[in-house]
Every structure is written in C-alpha cells, then in structure tokens.
Amino acid sequence: MTQNRLHIRGGQLIDPANQLDAQQDLYIADGKVLAIGQAPDGFQPDQTIDASGRMVIPGLVDLCARTGEPGNLSKANIASETLAAVSAGVTTMVCPPDTDPVIDSTAVAELIHSRSAQAGLARVLTIGALTQGLEGERLASIHSLKAIGCLAFSNADRAIVSSEVLRRAMEYAVSCDVPVFLRAEDYWLGRGCMHEGAISTRLGLPGIPSTAETIALSRDLLLAEQTGVRLHFCRLSTAAAVEMIADAQQRGLPVSADVSLQNLHLTEMDVDFLQPDTHLRPPLRTQRDRQALRKGVADGVIGSICSDHKPLDLDAKTAPFSDTEPGASSIESLLPLIIKLAAGDSVSLQQALAAVTCNPSRTLGLDLGQLSPGASADICIFDANDDRLLQRRDLLSQGKNSPYLDWSVSTRVSHTLMNGRIVYQAQPE
Amino acid sequence: MTDKQLQLDPQGRLKHFLSIEGLNRKLLVDILDNAEQFVGVGERTVKKVPLLRGKTIVNLFFEPSTRTRTTFELAATRLSADILSIDIEKSATRKGETLLDTLRNLEAMHSDMFVVRHSNSGAAHLIAANVAPHISVINAGDGRHAHPSQAMLDVFTIRRHKQDFYKLKVAIVGDVMHSRVARSEIHALNTLGVQELRVIGPKTLIPTGIEDMGVHVYHDLQEGLRDVDVVITLRLQHERMEGPLLPSASEYFKLYGLTEKKLSVAKDDAIVMHPGPINRGVEIDSEVADGKRSVILQQVSHGIAIRMAVMSMTMSTLAGQQ
Amino acid sequence: MDINVDNLISQMADQLSARLEGRPEPLMIGIHTGGVWVASQLHELLQLSEPLGILNIAFYRDDFSRIGKHPNVEPSNLPFDVDNRDVILVDDVLYTGRTIRAAMNEIFDYGRPSSISLAALLDRSGRELPIQADVVGRQLSLSEEEHVKLCGPSPLTLQISKPG
C-alpha cells in the first residue's frame, strides 16, 4: 500500500526548522518524510541512498528565480531552468511576475504551473502582478490570480510611481488576504546602472544613490502601517534599509525582507566595463552595505536569501555596460555560496540554511523547506568537501551570465528529491 | 582594473589608447615627447610624414562630432594613412546589428585601427576586448568615462607654457559630472604630479565621490581660482543649462563664468584653456577667450600632434608584434 | 684599428671645398645623431653662413612596419628653404643606403633642392640600394657580423666591434 519507500542512510541531517544538526537516518514514504532517526516498525525501503560523508538538507526554496518562460530574452525556459535548479539542490523556485507577458492573467499563471508540472523537476510557484502589466496604474485581478495559485503579489522591478495607486493596491491585497512583495526603488532616483559613488564617478556610469531605495522603503513602510498589509521587501541593497526594516519589525509591523545572493557576496568594487554580469538590479553597493546585509541575515531582520536568478543570452550582455540587460544567472550558485557565507564568521550555518529553506517558505505561508515528519520529501544531499572552481561549462542553466565563474566552491549535489522522487542524481566522476 | 591589461602589451608598450587610467608617468611623458616631434610637421609645405602609409584607419563615430572627427582625420592624413569616417547613428545599431557585428563587418575591410566615439561609457573597452589582434583601438570619447587624447593635448599645452608640472595648481571649472574630458584630465594631471588639482562648480555638476580621484572640490569660483596657474573651463551643454541642474545660463555665467575680474585672484601668468567649442558669455567671456591668458587656439593644433603621436605609437607596438 | 676621426673630417672638408669651387654656397644637413656631429665640424671648417639643418629620419624609415620602433629623438629642423639650393647631406656611416634614401625622401617633403651631394665619414660595403657617396672619409670592408659606431660628440671616436 505505501509506495516509494526510501531510506537515506548515514548523512548529516541539517534542518533549521527543527534545529536539527546531527547524523541521522531519514525515512520517506508516499512522497513525504516519514521519520527521522529510528526506522518505523516494519519499514522496508524500496531504495536506499548512502549519504555517509554528505549533508542532507531540505530542498532549497528560492524566493526569486526566473525561468525565462514565458519570455524571449533568452533561450532559457522552465524545462532548462528547473533542471539547473534541481542539479543545484533547489526544489522550489518562486517566479516573480516580470515574465513576458506579465503574470497578470490567469492564463499566464496556468501556463507556468502546467509547464513546470510537465517538466516534473523543481516546483515553480508564482507571484502575481500587483498592477496590470506592472504599469503601476491599474490593479491586476489579484483575487483571480490568487485562486489560480499565486501566493503573493508584487510589481517586480518596476517602481509604482503613484503613492495613491500603491496604497489602494495594498488595501485590496488586505481584503484578498494576500501578502505584497515590493522591491523598494524610487523611479526617478533609480535611473542609473550601478551604485552612485566614487566608482560610478570614476567609470562615468550613471549612478543609483542609496536614497533611491530608502525613500521608496520609507514610503512603502508608512503605507503598510496605514493599510495593515503583510509586506515583504525583496532584495535589499543598503545598510540604511536594514536599519529601517529592523526598526519597523521592532514596532510590531508584519514586515519581512530578503536579500539576493549577489548583494551578499559582491560590491561596487566588482563592477567593471568588461564584466556586464555585474550589471544588476538592485545594484551592488559598498562594502559597508554588504556587511550590514550579512548582519541583517545573522540578526534575523532579513529572513531569506534568494538567488535572483535571471538567465540571459550572450547578446543581452554584449554591449556597452549601461546598454546591457541587468541580471545574473545565479541559481546554481545558491547552495555553494550559502555554504561559503556560513564558513565565514558573519552568519551561522543554521541561519544561512534557514534563509533558503524554512524562512522563505514561511513568508509564502507554506510548509516547505523542512524535514519534519509529514512534510513534503523535498531533499538535497550534497558533498560539502568537493573543492573545485565554478566553471562555465558546469552550468546547466541556459544563462551563462554568472558573476561567479572561477570562484572556488566546495559543494557538489549528489541527489535531489522532490516529493520523495529522485529528480537529480549526479553522474559518477 | 582591466585598463592596464587591455591597453598595454606584455612589454608595457601602448597597444590601445583607451583611458589615461592604467598608464604610468613614463608612458604619458613618452606621448608628450612624441607629440613634440609632430608639431613641426604642420608647419612644413608637405604636412605629411610617411609613417603610416598603407595603413587604414577607421573613424567609428557612434556619437557625432565634427571637431574630433576632423582632428583625427587630419592626424591620420598627416601620417599618410588612409582614413575612413563612419558615422553610425545609434538607431542603426538598434535595428538589430549589434556593436560587435558592426565591428566584424569593418574588420573584413582590412582596417588597422579603429578610432571610436560612443555615448556610453566602456564602449571603446568592449571593442578593444573583442577586436582582431592586429587592430588597435583609440578612444575618442566614451560616455562620461574618458577622452584620453583631449586630456593629453591639454597636458601638452600646459607643458609648453609651464614646463614643470610639480609646482602647478590646476583648476577645472564647470560641468564635471558629465565630462569625460575632466575625468581624463584629472588622471593625467595627478599621474604627472601636479601640486594641487581642483574642481569648481555647483554641487549639481560635481559628481559624488570625486575627491577619491584626487581633487579638492570648490563651489565658490573665487576661492577655487586663488593662486592657480592653469584654469581649464569645460563646455556646458545646452540641455544642462535649464532644468534640475541649473536655473539658467546667465546665472551660471554670474557664478562660474570666467572674466578678467574673476581671474585676478589667479597667478598673473595663469593660462586659460577650454576643450571647445566655447559658449561665449556662458563659460567664458570674450575678453578672456581672446585675451593674453587664453591658449585655446593652440590646443587645437596640439590636438593633431597628440593624435599623430598616439596613433603612431599604438600602430608601431602592433607592428612590432608581427 | 686606430682611426683619427678629426683627420678624416679635415680631409672631407678639403674634398668638399674643391667640389664647391665656383658654386653658390650650399646648405648642409646632418642626419641624427652621428651625421650631425660630423656635419657640425664640417660646417665650421667650411665656414658656411646658414645654420646647420638636422634630419631625424625616424618617420621615413622603411622598416617601421617590421620593427615598429618608437621614434624618440630630436625632431627634424631645417631652418631654411631648400628650394633651388645645393644640399650637402652628411652621415657618419654609409652602409645599406636605406638611411640616405629615407633622408632624401624627407628633404623632398620640405621642398625641391637643385642638387644633393652625399658626404659620409665611413663607407662600408654592403649596399642594398643604388646609392653612392660623393665625398668619403674612409672606405672600410667589414663582414656582416661586425658593427661600426661613431661615438661622440666630443671627442669623436670610432668603435668597431664583433659580437663574440
């Protein structure tokens, strides 16, 4: 009667949701975690995976990862990017509404859901558009989109210029009981291509001052307070923003935040004319900002880390810097760079892993990203001592626009499971 | 930074001329010394030397400019090279042909050198990084980033009048924010070791963090001009004269326009420079522009000599590689 | 080999005087650097009234594309008009003839002289172009590996070397 029974044996289980970090066996049946540690009575596995010497964690939940479908900025699509995801231990990808066409109609949301079911690899969840076409003028059909499965609503990277429109959108979201995700950036001050500072001055590139983020953030926080909406800020980039969010949280506002992998590892010093993979939105800022963002993760002010994955073709990146399309192909770097971050002394391993498992899941009101009995068996097994350089040819994503090429990493995923089924298994070397 | 690696060959000789940043003092002085030799050529009957005969130079101007283009054309002609000027409207590239496609098509025409002008910073670097190995690239201005040949001709002019850089106080006045000339001049003057470098302008036209490039910032013209030996005024573009950056050309002139009276606090033998074309009554009044301090006209002829120097240096580095 | 350069130059001056008998005063142009040293002395011995011209043939060399050398010496300076004048071109060592070809090309870019005579301190065999000197200090037969160099400006001495 029970099928697909799996026994994952001898691995180091790390599950921040349950504060678990121990060498324990894991038992799976019917696509769910059955037990940890002790085998249930009479349990006969159909398959055993030997995870000795490896780590076993919940499959990663990436709060912002684009598949390129629908859209034509690149050859990437749901099939290619969900494959890249599972090869890197990511079992759930949360897709922002900035597809082409935008996720402001149920047809587009349905397309994404069915394509990802068809590919049968990583789970693709959708965030619906807050305004029609992301234009910032009319409300999108939030209720219908929620009914079809959108878990939250945002305006992606497009600023909502009118405070009136934003206020009404928040109010509508409250009555539909959905959270709103916003990336804070002022439209006028945000017209640049890198952080405004000594380096943008030296390079002669138009800059985006930190105030572009903080001005929008403070407006959005005040409106959130006024409307009572559950607000999540996407991809913070400034130290000042971290302070403002911490402050709001202390005052009891239901505000959460995430940060992108790139802003945790890179700064404006990494920006260069000939490195268009460092052309990003939000921009890479100063070392001080990076430090504050890391501390924000350690203190829990920033609950989640996302890859902000955006696969792009070579054409989109081969032009003078300010003419290139911003974005990095980063989903395959999420796990290795989280581990790298935890190896430093700013963030602990539990915190780092929580930021890509249970925390993002909780922000979406879901029960993913944990190894509790009864939870969906989305699991990643990886070797944490495989020292190598990240190379272009290793990337499975259709986007090779990674700013991390030639970085030394030490993780290699051996197995990824989705709903108790192996969706990725590394080839033996 | 990539500038040094892109521009220089393994022996440290100039292969491409993209920015002053990344070039050491000796190389800058070499350029100035080479230009000295070419100054005389323009005064002969036959204003040519056969140095680059048989070579093809292409002016790739993505941003139109009659002045700069003509100067490069003259410099190429005086070196006996064949020159081709192509004005590529940015909209043409938007029709589908990428920057690099344009490049491949031109390479097929047996070019030896591209002189590139583009409205986006980093364009010349992109081209230099992607061009065939026998071709050198000269940056004739990229966005707000650099205009190295202009900076060199300004520095050449200064050297002809002042000889010793070490004792000089130099002020750059005007729209530094949008000026690639200013950025290149700052690098050049600091590398050559001037005593003090100042930028003077309203806060709206001075970019964030420019002190990191090694300058003192002044918003008051009188204070900024006190005791200077060289004043370089930058051109104010029409579209900047009214709007969020400045209220009007006349107010700009009142506060930052150069007049004899305002220059009285500078050294008696201070020289006044301008990359041209000048806006009389905005950056500078006619009395100064045409007066004894002005070396503006000389800058133009020096521009040809500097470009001849840079073109022959890069071409010879590549010739030496083959 | 001990060669007294000053003596050679005096002899050259005598030969030149003889050639110039009855002709209008010529212009003298020395080729940088050695040719200029020799020409300075000749210029003084012949008591020419117009200043000495200096030619830096760096821009006229035919091997620029091959060697790609940076021209880095004093610029040419001809402080007179060469049109319809007799020119005496002076160099230290005449070898392949390419330097002289370049020098003549450069002179013709300044104007049209009525004649050019060549005075060389040393004529070493090994011509690659049909060029000859009209006045020679001394002829030398050297093998291809041997080098001869004029050192100066004062005193002027010749250095002949053979790479070991």
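**Reading the model, feature by feature**

Tutor: Happy to. A:Asp406 sits in the loop between strand S19 (388-389) and strand S20 (408-409) of chain A. Keep in mind that this is a predicted model.

Student: What is the phi of A:Asp406?

Tutor: Phi of A:Asp406 is near 75 degrees, a positive value in a residue other than glycine.

Student: Now the peptide bonds. Is the bond from A:Glu69 to A:Pro70 cis or trans?

Tutor: Look at omega here. The bond from A:Glu69 to A:Pro70 is cis, with omega near -5 degrees. A:Pro70 belongs to the loop between strand S8 (60-62) and helix H1 (78-87) of chain A. Chain C has a cis bond too, from C:Ser154 to C:Pro155, with omega near 0 degrees. There, C:Pro155 lies in the loop between strand S6 (147-151) and strand S7 (157-161) of chain C.

Student: On to the chains. Which chains share the most contacts?

Tutor: Two pairs of chains are in contact, and chains A and B share the most contacts. Chain A and chain C, on the other hand, do not touch, and their nearest C-alpha atoms are 29 Å apart. Between A and B, 18 residues of chain A meet 25 residues of chain B.

Student: How much area do chain A and chain B bury between them?

Tutor: About 1800 Å², with 61% of it on carbon and sulfur atoms. On the chain A side, A:Thr201, A:Arg202 and A:Leu274 supply 34% of the area that chain A buries against chain B, more than any other three residues.

Student: How many salt bridges are there between chain A and chain B?

Tutor: The count is one salt bridge. B:Glu21 pairs with A:Arg202, and the closest N and O atoms are 2.5 Å apart. Chains A and B also have seven residue pairs in polar contact, counting pairs with both residues at pLDDT 80 or more. The side of chain A that touches chain B divides into nine nonpolar, five polar and four charged residues.

Student: And the empty spaces? How does one find them?

Tutor: The general idea is simple: rolling a probe the size of a water molecule over the atoms shows where empty space is left. In this model the count comes to three cavities of 30 Å³ or more.

Student: Which residues line the largest cavity?

Tutor: The lining includes A:Leu63, A:Cys64, A:Pro96, A:Ile127, A:Phe181, A:Arg183, A:Arg235 and A:Asp258. About 90 Å³ of space lies in this largest cavity. Its lining residues divide into eight nonpolar, one polar and three charged.

Student: What about the second largest cavity: what is its volume, and which residues line it?

Tutor: The second largest cavity has a volume of about 40 Å³. A:Arg202 lines it together with residues of chain B, among them B:Glu21, B:His145, B:Arg183 and B:His187. By type, the lining of the second largest cavity divides into two nonpolar, four polar and three charged residues.

Methods. Residues are numbered from 1 along each chain as its sequence is written. Chains are lettered from A and ligands numbered from 1 in the order in which they are written. This is a predicted model: local features need pLDDT of at least 70, side-chain atom pairs count only at pLDDT 80 or more; totals for chains, interfaces and linings use all residues. Side-chain values use heavy atoms; hydrogens and water are left out. On a 1 Å grid over the protein atoms alone, a cavity is a set of points where a 1.4 Å probe fits but cannot get out, and a pocket is an open set with protein on both sides within 12 Å along at least five of seven lines; lining residues have an atom within 4 Å of a point. Grid points are joined across faces, edges and corners, and a volume is the space filled by probe spheres set on the points. Ala, Val, Leu, Ile, Met, Phe, Trp, Tyr, Cys and Pro count as nonpolar, Asp, Glu, Lys and Arg as charged, and the others, Gly among them, as polar. Contact means heavy atoms within 4.5 Å. Buried area is the accessible area (1.4 Å probe) that two parts lose on being put together, summed over both. A salt bridge is a side-chain nitrogen of Lys or Arg within 4 Å of a carboxyl oxygen of Asp or Glu. A polar contact is a pair of N or O atoms within 3.5 Å; within protein, one must be able to donate a hydrogen and the other to accept it, and residues adjacent in sequence count only if both atoms are side-chain atoms. Helices (H or I, at least four residues) and strands (E, at least two) are DSSP runs, numbered from the N terminus.
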